[in-house]
Amino acid sequence: MSEVRSGYPRRDAEGRIRVLGDLLGISLAGLVTGVLALVLFDAVLAFLGAGEFGRANGWLALILPGWLFLEEFRAWAFGAARVVAALVAAAVGLTGGLLAAGLAGGLPALASGALAATTCTMLYALIWFHGVRWLARRTG
């Protein structure tokens, strides 16, 4: 049995997040941080007269969750399981995010993009977490 690291998020000896709630929580915290930074940045630009508030691209909030998912990808051993799980999770997440953005098309770009980024992040985390473990068990 592998050694477990202490701290949050709970990780195993290879550095992989062990609990789905931890992955969802950390990715959601990164997403909220990204959205707040975009709101602040957009508000400052609007205050300075460089445009209207709400025109920033909310999809940029994916930067911190994307970084987390990249670190998760790197923590898994080289093999097809992690590549397939990442590709399927990305396809499902991006499709869900694009659908959410389309449904929120009447909102400002910041709001519709943030909603799309949230949908993409949550779908990616769910598919990745369960998919990579299932595929790793199946492929040995």
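## Around Cys-120

Cys-120 touches Trp-59, Leu-62, Gly-93, Leu-94 and Gly-97, leaving out residues up to four places away in sequence. This comes from a predicted model. Cys-120 sits in helix α4. Its relative accessible area is 8%, so Cys-120 is buried.

How far apart are Cys-120 and Leu-135 in space? Their C-alpha atoms are 21 Å apart, and 15 residues separate the two in sequence.

## The chain as a whole

The chain has four helices and two strands. Read from the N terminus, the order of elements is β-β-α-α-α-α. The C-alpha atoms fill a box of roughly 60 × 30 × 20 Å along the principal axes.

The chain counts 140 residues, and 36% of them are buried. Its accessible surface is about 8,200 Å². Carbon and sulfur atoms account for 70% of that surface. Contacts also reach along the sequence. Take those between residues at least 6 apart: 64% of them join residues at least 24 apart.

## Helix α2 beside helix α4

Helix α2 covers residues 63-75. Its axis and that of α4 come within 11 Å of each other. The two axes cross at roughly 10°. Angles under 35 degrees count as roughly parallel, and α2 and α4 are therefore roughly parallel to each other.

Which residues meet between these helices? From α2 come Pro-65, Phe-69, Glu-72 and Phe-73. From α4 come Thr-121, Tyr-124, Ala-125 and Trp-128.

## Ser-27 in helix α1

Helix α1 spans residues 20-47, and Ser-27 lies in it. Is Ser-27 buried or exposed? Its relative accessible area is 0%, so Ser-27 is buried.

Set aside the neighbours within four places in sequence. Ser-27 is then in contact with Pro-65, Leu-68, Phe-69, Thr-121, Met-122 and Ala-125. Some of these names have come up already: Pro-65 and Phe-69 belong to the α2 side of the meeting with α4, and Thr-121 and Ala-125 to the α4 side.

## Salt bridges

Side chains of opposite charge can pair when their charged atoms come close. How many salt bridges does the structure hold? There are four.

One of them joins Arg-10 and Asp-22, with the closest N and O atoms 2.9 Å apart. Arg-10 is in the loop between β1 (4-5) and β2 (11-12), while Asp-22 is in helix α1, so this pair ties together parts 12 residues apart in sequence. The partners differ in cover. Arg-10 is partly exposed because its relative accessible area is 36%. Asp-22 has 2% relative accessibility, so Asp-22 counts as buried.

Arg-16 forms a salt bridge with Asp-12. The closest N and O atoms of this pair are 2.8 Å apart. Arg-16 and Asp-12 are buried.

Arg-16 also forms a salt bridge with Glu-14, where the closest N and O atoms are 3.1 Å apart. Shared partners join Asp-12, Glu-14 and Arg-16 into one network of salt bridges. Why does Arg-16 count as buried? Because its relative accessibility is 17%, and buried means under 20%. Glu-14, at 42% relative accessibility, counts as partly exposed.

## A nonpolar patch on the surface

Which residues form the nonpolar patch on the surface? They are Val-84, Val-88, Val-92, Leu-126 and Ile-127. Together they have about 330 Å² of accessible area. Two elements give two or more residues to the patch: α3 (80-103) and α4 (109-139). The largest share, three residues, comes from α3.

Val-84 is one of the patch residues, and its place is in helix α3. Its relative accessibility is 39%, so Val-84 counts as partly exposed.

Terms used:
Residues numbered from 1 in each chain as written. Predicted model: local features only at pLDDT ≥ 70, side-chain atom pairs only at ≥ 80, totals over all residues. Heavy atoms only, no water. Patch = residues over 30% accessible without salt bridge, like charges linked within 9 Å, V, L, I, M, F, W, Y side chains within 5 Å. Areas by Shrake-Rupley, 256 points an atom, 1.4 Å probe, with all protein chains shown as cover. Salt bridge = Lys/Arg side-chain N within 4 Å of Asp/Glu carboxyl O. Buried < 20%, exposed > 50% of the residue type's maximum accessible area, 1.4 Å probe, protein only. Contact = heavy atoms within 4.5 Å. Axes fitted to C-alpha atoms, helices over the stretch in contact; angles between N-to-C directions. Parallel < 35°, antiparallel > 145°, perpendicular 65-115°, else oblique.
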